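Please keep the sequence and the model in view while reading.

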Amino acid sequence: MTKPPLLRLKPREGRRVRAGAPWVFSNEIALDDEAKKLAPGSLIRLEGDDGKAFGVGYFNLQSLIAVRLFECPAETAIDQAFFATRLARALALREALYSRPFYRLIHSEGDGLPGVTIDRFGEVCVAQITTAGMEKLLEPLLAALGKVVVPDSVVLRADTPVRALEGLDSYARAVDGEIPHHLAIEENGARYFADLEGGQKTGWFFDQRDNRAFLAPLAQGKTMLDAYCYTGGFGVLAARSGAKEVSSLDSSAPALALAEDAAAANGVEKICRFVKTDVFEELERLASKGETFDIVAADPPPFVKSRKDLEVGAKAYRKLARLAAAVTAPNGIVLLASCSHNMPAERFASECAIGILRSGRRAALIRQAGAGADHPVHPHLPESAYLKAMVYALD
């Protein structure tokens, strides 16, 4: 095997990678003419200026995160056997955690495979490829997936906006056959449906599994509002767990259609109401009319898509917390969530607290959580712990 080219850190640079993180930024690397000629996504070996070896990864000068390491010795071949080993380890963990094959199988750096996430929906796997390095390695990755998991089909959702930062095109396609538009999935004993081509991300959000399971029993015999319901994750499970009435809000008609199908599949369509609306406007309207719900879940799309959006996004989370608290009944429960990895957990908690205070309510924080165990967090990469969920009991 030909050794990948060697890159070195600048003197006194690479503080995070020296502390165990798998990322290196472009301004930390000593770039000679040969390095500048490397094609985006090329495999490289990385060393410090002192000769300390950091292993093998891939390099893209076009990206702010110029090197993403696989965290293995520099002589490791990044081939089908390598991917099979990583996939087998990830699969064993999920099979120990879950009795049914519906989970996130690969969570990027959390599973030692930077630039790819793979969600498993029974016999169908959906892979999101976000980096040039992983795009170049797609063939051995898919070959390994076919041998380790043996799915009936694999869908590639290579259509996230971050791909543009890597100089990549956007596409969505099935490796073989057609992409399912109405695939049945299971979570927490409930039945849902996912659009693997037109839905957000991979078509479903497994990350909120545990938070849905926590909130659902609290809704038994009570009314619930599911704001930003998407395809019905929180609301349908609450209805299935005995909620008296569930109202769900979203701006996406296709997502609401899948949510309605989920309600019917779980036999709770008579107590579920789905409304296509701008959620902020509807919350304002409900608050002005004095309408309240015993349980409120507000799980919006990311308000902070990049660092430059932080202040505007923080203001939006504060407003959402205020409005969600305003439509929560006395002695009710409200869940507030953020999937923006650029929103620090401490700042999110602060904005939620300020928003609730401005609603005139007193709150007690009863749960502070992230994603489920199938979204492992890299211990030296806090960015991989993107999801924040806060549950408050209000006065």
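S4 and strand S5 (residues 53–59) pair in the antiparallel sense over six bridges. Two strands count as paired if DSSP finds at least two bridges between them. Helices (H or I, at least four residues) and strands (E, at least two) are DSSP runs, numbered from the N terminus. The model is predicted: local features need pLDDT of at least 70, side-chain atom pairs count only at pLDDT 80 or more, and totals for chains, interfaces and linings use all residues. Residues are numbered from 1 along each chain as its sequence is written, and side-chain values use heavy atoms, with hydrogens and water left out.

**Around S4**

Ile44 has Gly57 of S5 as its bridge partner. Five residues lie between S4 and S5, which form a hairpin. In the turn, Gly51 has a positive phi of about 90°. S4 (residues 42–47) also pairs with strand S1 (residues 6–9). That pairing is parallel, over three bridges. Here Leu6 has Arg45 of S4 as its bridge partner. S4 is mostly covered, with five of its six residues buried. Buried means under 20% relative accessible area, exposed over 50%, and partly exposed in between (1.4 Å probe, protein chains only).

**The five-stranded sheet**

An open sheet has the order S7-S8-S9-S10-S11, with mixed pairing. Its edge strands are S7 (102–107) and S11 (171–174), each pairing on one side only. The twist averages 15° from one strand to the next. Strand S10 (residues 153–158) and S11 pair in the antiparallel sense over four bridges. Arg157 has Ala172 of S11 as its bridge partner.

Contact means heavy atoms within 4.5 Å. Axes are lines fitted to C-alpha atoms, for helices over the stretch in contact, and angles run from 0 to 180 degrees between N-to-C directions.

In H5 (residues 138–148), Leu138, Leu141, Ala144 and Leu145 are buried. Seen down the axis of H5, these buried residues fall within an arc of 130°, so they line one face of the helix. The arc is that of the directions from the helix axis to the C-beta atoms. Glu139 and Lys147, on the other side of H5, are exposed. Just after H5, Val150 takes a positive phi of about 55°.

**H10 against H11**

The axes of helix H10 (residues 279–289) and helix H11 (residues 310–326) come within 9 Å and cross at roughly 35°. H10 contributes Phe280, Leu283, Glu284 and Ala287 to the contact. H11 contributes Ala316, Lys319, Leu320, Arg322, Leu323 and Ala326. The contact residues divide into seven nonpolar, no polar and three charged. Ala, Val, Leu, Ile, Met, Phe, Trp, Tyr, Cys and Pro count as nonpolar, Asp, Glu, Lys and Arg as charged, and the others, Gly among them, as polar.

**Asp395**

Asp395 is found in the segment after strand S20 (388–394). Asp395 is partly exposed, with a relative accessible area of 36%. Leaving aside neighbours within four places in sequence, Asp395 is in contact with Ala329, Pro330, Asn331, Arg361 and Arg362. The C-alpha atoms of Asp395 and Ile333 are separated by 9.2 Å. Along the chain, these two residues are 62 residues apart.
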